[in-house]
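Here is a short briefing for a reader meeting this structure for the first time. Look it over, then read the points below.

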Amino acid sequence: MTAMVEIRDVHKSFGAHEVLHGVDLTVPGGSVTVVLGPSGSGKSTLLRAINHLEKVDRGTITVDGELIGYRRVGDRLNELGERHILRQRARIGFVFQSFNLFPHLTALDNVAEAPVATGRRGRADARAYARTLLGRVGLADRADAYPRQLSGGQQQRVAIARALALDPALILFDEPTSALDPELVGEVLDVLRALAAAGTTMIVVTHEIGFAREVADTVVFLDAGRIVEQGPPEQVLDHPRHERTKAFLSKVLT
Amino acid sequence: MSLVSTPTPITPTPPATLTVVPARHPGRWIASAVVLVLAAQFAHGLATNPGWDWPTFTGYFFERSVLRALAVTLELTLAGAVLGFLGGVLLAAMRMSRSPILQALSWTYVWVFRSVPLIVQLLFWANLGYLYDTLQIGVPFGPGFHELSTARLVGPFGAALLGLALHEAAYAGEIVRAGLLSVDQGQLEAAAALGIPRPRQFRRIVLPQAMRAILPSAANELINLLKSTSVVYVLAIGELFYQVQVVYGRNGRVVPLLMVATVWYVLLTALLSILQFYVERRFARGALRTLPPTPVQRLRTALSRGAAR
């Protein structure tokens, strides 16, 4: 299952500070898009807007043609009710920088929670599927551990399994390796590589340039709330056209 | 003169011949001895001072009227705690809602009910009939359908329970709110991102984590409530403290009867503290890497270690 994401003229302010100044982006189904940019450039806000964790002030975001968070009535956008938004979010996986696993549930219950809660699967079925997913991220033997008993890399892999439990058409990754010790980054990126190979649509905010070069179909460079440059990795990473992209890459690559 | 002094050469001794001597703490020994002497003196007094009148104490400890009063105390505590905490959850939810009206209402309730002393409140509720002779069910400001006598609806026990529960709700509201605030915002985001419905987010994700912060204060409040039921004696309700007063009013043996009530309060508090330990342990799952052993487990390991020796 793959999804296409279309972002049109999205604006977002926090108070007087405008974080996104009209972002346009098309993500084809089944592709991997890596979003790069200095901190404060609006990467996370953009990603969070795609599943309506952040409300946008102007513009539209659609996933597979379905408007996220709003219903269009004439030329007005009416915000959807909570239940409707939750149903839309269930089709979009989200992986947080700080994992946000539920500390009082075991790894298995963390993964099985959403399918049960949304009525997608029965309890026994959800747990069996959760076991399969934990196996896919290489943690079949840690199913009964609580998050605090796992290393950072293991926790993030559980969080990825949790996001996969609803068979999302699209998965959003918000700096999935930034909170990890350097030697644990590899195991998480391996899982991301496998997902990309399986054809899941992915949008990844990251500072891992090597990963972007290897896996991304498109690299997007965001600066001060605007998309400065986008294209295939060899173009954006190796032959950046914009001064700010060059400046950023020279800092990250040294 | 050189600033660097030559280090005193250490005579090489084989490490095995050196004995480790722990530091001595004479102050600790003296303090312990003083405390032990004082405790022994107190215990001696308990046993020998005829004023304690232990035969009277034992005669009344399991006496029927006392046990019946104990049941009333437990009833008031239990019902007061359940109603109080239900009210508390409601108040906390209102305070954390986005409606400024609900927030203000919750804040005002907590302010008023924490300001008025419990004993004053109880007397107000007992005199409710003076303000409102009858209570009516119907349309606000409009016609009524059903009328009830206040005195019949709110008897002395009802007034006591109402006072305790409303008083308790104000404190419970703050305790519950503190617990909910202690849950990381990321937990709600993760639950929302997974499309988990709101009521289930609260029940399954937020509340179990909030419980860890709520429980110690809630247990404190419950024990407080147990003792606060003694204030209800002003409404002439036959709870524990009222009952022992009735008895010593008759036979004049004040101290032994106060001891009857005291020992019951102490025993019940001990029971609640034990309950608290196990409930807290239940909610600690996942928060600690390994749970601390229960006293029973600790005793068992100590015994098996002793047996192995």
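B:Thr73 is buried, as its relative accessible area is 0%; buried means under 20% with a 1.4 Å probe and protein chains only. This is a predicted model, where local features need pLDDT of at least 70, side-chain atom pairs count only at pLDDT 80 or more, and totals for chains, interfaces and linings use all residues. Residues are numbered from 1 along each chain as its sequence is written, chains are lettered from A and ligands numbered from 1 in the order in which they are written, and side-chain values use heavy atoms, with hydrogens and water left out.

**Around B:Thr73**
- B:Thr73 lies in helix α3 of chain B, residues 64-95.
- Leaving out residues up to four places away in sequence, B:Thr73 touches B:Leu226, B:Thr229, B:Glu239, B:Leu240 and B:Tyr265. Contact means heavy atoms within 4.5 Å.

**Fold of chain A**
- Chain A has 9 helices and 12 strands. These are DSSP runs: helices are H or I with at least four residues, strands are E with at least two.
- The C-alpha trace of chain A spans about 50 × 50 × 30 Å along its principal axes.
- Of the contacts in chain A with a separation of 6 or more, 64% join residues 24 or more positions apart.

**Burial and surface of chain A**
- Buried residues are 56% of the 254 in chain A.
- Chain A exposes about 10600 Å², and carbon and sulfur atoms supply 48% of that area. The areas come from the Shrake-Rupley method with a 1.4 Å probe.

Notes. Buried < 20%, exposed > 50% of the residue type's maximum accessible area, 1.4 Å probe, protein only.
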